[in-house]
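Please read this note beside the sequence and the structure.

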Amino acid sequence: MSSSSSSAKPDVTLSLTLPSSPAHETFKPEERGLLLIQLLLSCARNASSNNLHRADACLQRILELSSMTGDPMQRLAAWFASALAVRIVKRWPGIYRALLSHAERDGPTAPPARPILAPAFPCLAFTRAVVARILLRALAGERAVHIMDLGSGDPELWVPLLRGLSQGPDGPPQFRLTCVSARRDVLDILGHALVKEAEIMGMPFQFNPVNVSLRELTEEMLRLRSGETLAVVSMLGLHALLAEEDRIDADFGMIKSDSVKESKRVGEFLSMVQSASPRVFFLVEQEADHNATRLVDRFVEGLHYYSAVFDSIDAALGGSCPKERLALEEMFGREIEDIVSCEGLEREKRHERYARWAVRLAWAGFKPVRLWLNAMEDAKGAVEAHLRDGYKVVTERACTMICWHERPFLAVSAWSC
């Protein structure tokens, strides 16, 4: 569920001595979990106020109680401790670079997470089904279709959609897909899969790979053409455009603002998309608030959000697939590191809640589109087809939220000009 960072991030967990099994002290899981949360918050306070000796003492205690092979809270605490350690070590650039160099020599600690992401998170399959369903409705009867994929490069989304478009009553339309991604391998895999599928179905198809980040994207790269019906899909990547040089407040207070912070880059990007007059614009983002300037706000929100993520991984994989679970948790651990240890332009995981995105989209001239024609029946059928026990779908106006045990995971919304 993450986009690639513009700069390399250190895997300093390789330099930390994380215990491979829980500490010998006797704690009930609930007691140990509460103690770990208290220690993590205390460590973050001390790190923010430059009390590094106390932060170090907290880290040592956290590492005694946490474990990469323990329960979800122990594993989550190990990743948050690692992120706090990175934040502290960054105060000494020489040490930080040496650790980064060491991590790069050692290489990755887990296999790639992407192949097992969807099976472990059925909410992704649900999201794909919602997007494909609405796109097929919105594009029905059109003879020339252009879809812009802003960063996902997901064959599991676009191959089924291509098949659906080919089965229209008037035959397949001319279909062009533009995919924007900073990763060349993602573009190559997607292009090969779609071209092969189009040839099998005899569908007129063009693939337009744009090998840049969303920050570098210009209107000229999209190759817009008159006479085409345009649709735009952004999957879990638009928040990276919120990165800016924040004013860093070292205080670890609990003051929190619900106001929407203006972002020139996001405003210009959404205005560019709106000026292309898409039939529909899909926005899928993490339903979380990790874009506060104060570390404490991001830290508390991160603990709440990623505890749900780790619980859901545990429910999906349990102890039966340790390598796969490690790969997924390492992927999310890098997100945690970005949220906790990075500031300014370096911090890209700036997830924000749907309500704030709705304001920004309205500023750019978009209007919400109701996702469900028959909300209750459609939602119920989609949940039964794609989600398992523990997940819940909440629909409100132009937004569908997927929750794990009442804790929101993803927000899916549709917009038009």
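1. Are α10 and α11 roughly parallel or roughly antiparallel to each other? The model is a predicted one, in which local features need pLDDT of at least 70 and side-chain atom pairs count only at pLDDT 80 or more, while totals for chains, interfaces and linings use all residues. Residues are numbered from 1 along each chain as its sequence is written, and side-chain values use heavy atoms, with hydrogens and water left out.

2. The axes of helix α10 (residues 295-317) and α11 come within 10 Å and cross at roughly 170°. The two helices are therefore roughly antiparallel to each other. Angles under 35 degrees count as roughly parallel, over 145 as roughly antiparallel, 65 to 115 as roughly perpendicular and the rest as oblique. Axes here are lines fitted to C-alpha atoms, for helices over the stretch in contact, and angles run from 0 to 180 degrees between N-to-C directions. On the α10 side the contact includes Leu295, Phe299, Tyr306 and Phe310, and on the α11 side it includes Leu328, Phe332 and Ile336. By class, this contact has twelve nonpolar, no polar and five charged residues. Ala, Val, Leu, Ile, Met, Phe, Trp, Tyr, Cys and Pro count as nonpolar, Asp, Glu, Lys and Arg as charged, and the others, Gly among them, as polar.

3. For the chain as a whole, there are 13 helices and nine strands. Helices (H or I, at least four residues) and strands (E, at least two) are DSSP runs, numbered from the N terminus. Of the 417 residues, 53% count as buried. Buried means under 20% relative accessible area, exposed over 50%, and partly exposed in between (1.4 Å probe, protein chains only). Among contacts with a separation of 6 or more, 79% are between residues 24 or more positions apart; contact means heavy atoms within 4.5 Å.

4. Helix α7 (residues 155-166) packs against helix α8 (residues 184-201) at an angle of about 20°, with the axes 10 Å apart. That makes α7 roughly parallel to α8. Their crossing is right-handed. A crossing is right-handed if the near helix is turned clockwise from the far one by less than a right angle, and left-handed if anticlockwise. Residues of α7 in this contact include Trp158, Leu162 and Arg163, which face a set in α8 that includes Ile189, Leu194 and Met201. The contact of α7 with α8 has ten nonpolar, one polar and two charged residues.

5. Helix α7 also has α6 as a partner: the axes of α6 and α7 come within 10 Å and cross at roughly 30°. α6 and α7 are therefore roughly parallel to each other, and their crossing is right-handed. Arg128, Val131, Ala132, Leu135 and Leu136 in α6 meet a set in α7 that includes Trp158, Leu161 and Leu165. By class, the contact of α6 with α7 has eight nonpolar, one polar and two charged residues.

6. Arg137 belongs to helix α6 (residues 122-138). At 34% relative accessibility, Arg137 counts as partly exposed. Arg137 and Leu165 are 28 residues apart in sequence and 10.0 Å apart in space, C-alpha to C-alpha.

7. Asp185 lies in helix α8 and counts as partly exposed, at 37% relative accessibility. The side chain of Asp185 makes a polar contact with the side chain of Arg183 (2.7 Å). A polar contact is a pair of N or O atoms within 3.5 Å; within protein, one must be able to donate a hydrogen and the other to accept it, and residues adjacent in sequence count only if both atoms are side-chain atoms.

8. Is Arg350 buried or exposed? At 0% relative accessibility, Arg350 counts as buried. Arg350 lies in the loop between α11 (322-341) and α12 (354-363). The side chain of Arg350 makes a polar contact with the side chain of Asn291 (2.8 Å). Beyond its neighbours within four places in sequence, Arg350 is in contact with residues including His239, Glu244, Asp246 and His290.

9. Two backbone angles deserve a look. Most residues other than glycine have a negative phi. Ser277, in the loop between α9 (264-275) and β5 (280-286), has a positive phi near 55°. Glu406 has a positive phi near 75° and is found in the loop between β8 (399-404) and β9 (407-416). Glu406 is exposed, with a relative accessible area of 57%.
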